[in-house]
Amino acid sequence: MSDVLLHKAGRNTATAVPNTFIDTLMRDANGEFVKVYLYLLRCLGDADREFSVAGVADALDHTQRDIMRALSYWERQGILCLEYRSDGQLSGICLMDSAAPAPADSAVAVTSKTVESVPSFALDGNDTVVAASQKPLEHSYSPDEMFLLGKDSNVQEILWVSERYIGHPLSSNESSTVLYWYDGMGMSADLVEYLVEYCVEHGHKSLHYMNKVAHSWVERGIETVDQARENDVMYSGLYRVVMDGFGIAGRNLTAPEREYLTGWFREYGFSEELISEACRRTILKIGRPSFQYADSILRNWHAQGAKSLDDIKGLDAVHKSTKAAAARSASSTQNAAARKDRFHNFSEHGYDYNAIQSLLVTQ
């Protein structure tokens with residue numbers, strides 16, 4: 001096959017991508033993570049471009065948590081460094097001069113850090129402080145097993161992400177629990193990371209609680225993050241709110257209907273209260289359940305930046321005022337037209353006066 005010339009027409013600005021990134025890191029990276037890194041390079045090359053995690057999430061149609069997971073991944077690869085304030089909030093991102101793969105012995109370093117027994121405490125489902133080392137485990141990995149598993153880049157990522165979310169270094173027992181989800185139960189690395197994120201987000205940092213969720217997901221056949229998110233919607237209060245709001249009984253929601261719920265909850269970020277209000281207005285307006293109509297209401301609220309019922313009341317007030325002004329304008333126009341025609345409110349005859357005059361003259 002002949003060579004292909006890669007060139008461009010016209011004069012465009014460009015974003016430089018390190019060759020080492022393309023040659024050694026891009027192939028094995030998650031495609032969404034690659035997008036985040038390329039977008040960082042783009043922003044770095046534009047001094048006038050404002051940067052924030054929320055802005056990156058909007059630009060790439062991701063959640064902010066997805067962006068942080070990508071940033072954490074690239075930090076472990078050694079091509080950027082995340083800087084945090086004393087309160088734990090991200091304050092800066094420093095991109096390294098050149099992208100280089102992590103050292104070959106990094107697995108040993110991560111494993112030795114994780115295997116070491118350290119005093120560790122966590123909150124269980126009842127918010128009671130208990131020693132993590134006292135929690136019963138289904139499988140306990142030996143130091144040698146941990147060392148071998150630690151050579152897996154997925155394991156390094158899972159343990160690192162888990163520690164970040166939980167907020168302390170994992171003990172050997174806690175590490176065994178997390179690794180068992182991946183190695184023993186066959187959950188993917190992405191799903192394990194989402195499991196930890198999901199539980200912490202809902203106020204549960206206990207490995208005991210997370211272990212129950214892991215078993216529940218496996219029993220339901222959940223294998224991907226998307227399936228876990230859909231499961232989150234189905235088993236949340238939102239599912240019941242929509243069922244009650246639309247008066248649906250005797251059946252479960254269909255897959256397309258559940259997709260609407262996922263969008264309202266995940267993409268728009270609406271509370272159950274606002275979604276319930278959209279369902280109520282749908283019934284009042286068209287007299288029947290309609291996910292499409294409710295979605296149009298919520299999409300409009302989202303476009304106008306509404307986040308609470310108070311915001312909705314404000315939008316209603318503006319709409320009512322605008323509608324009243326339009327009605328007054330239309331009424332004024334009609335009244336002006338009526339006054340103009342006041343002296344012409346009769347039927348005019350279509351006589352030909354010239355013809356009549358000629359007729360009179362000839363007589």
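Biologist: Which residues form one aromatic cluster?

Modeller: Phe 21, Phe 33, Tyr 37, Tyr 73 and Trp 74 do. Keep in mind this is a predicted model, where local features need pLDDT of at least 70, side-chain atom pairs count only at pLDDT 80 or more, and totals for chains, interfaces and linings use all residues. Residues are numbered from 1 along each chain as its sequence is written, and side-chain values use heavy atoms, with hydrogens and water left out.

Biologist: OK, how many aromatic pairs does the structure hold?

Modeller: There are 13. Rings of Phe, Tyr and Trp (its six-membered ring) pair if their centres lie within 6.5 Å; planes under 30 degrees apart are stacked, over 60 edge-to-face, and the rest tilted. Tyr 37 and Trp 74 make a tilted pair, 5.5 Å centre to centre with 45° between the planes.

Biologist: Where do those two sit in the chain?

Modeller: Tyr 37 is in helix H2 (residues 31-44) and Trp 74 in helix H4 (residues 64-76), 37 residues apart. Helices (H or I, at least four residues) and strands (E, at least two) are DSSP runs, numbered from the N terminus.

Biologist: Is Tyr 37 buried or exposed?

Modeller: Tyr 37 is buried, at 2% relative accessible area. Buried means under 20%, exposed over 50%, partly exposed in between (1.4 Å probe, protein chains only). Trp 74 is buried too, at 0%.

Biologist: New topic: what about Trp 264 and Phe 291?

Modeller: They form a stacked pair, 6.1 Å centre to centre, with 15° between the planes. Trp 264 is in helix H13 (residues 255-267) and Phe 291 in helix H15 (residues 291-303). Both are buried.
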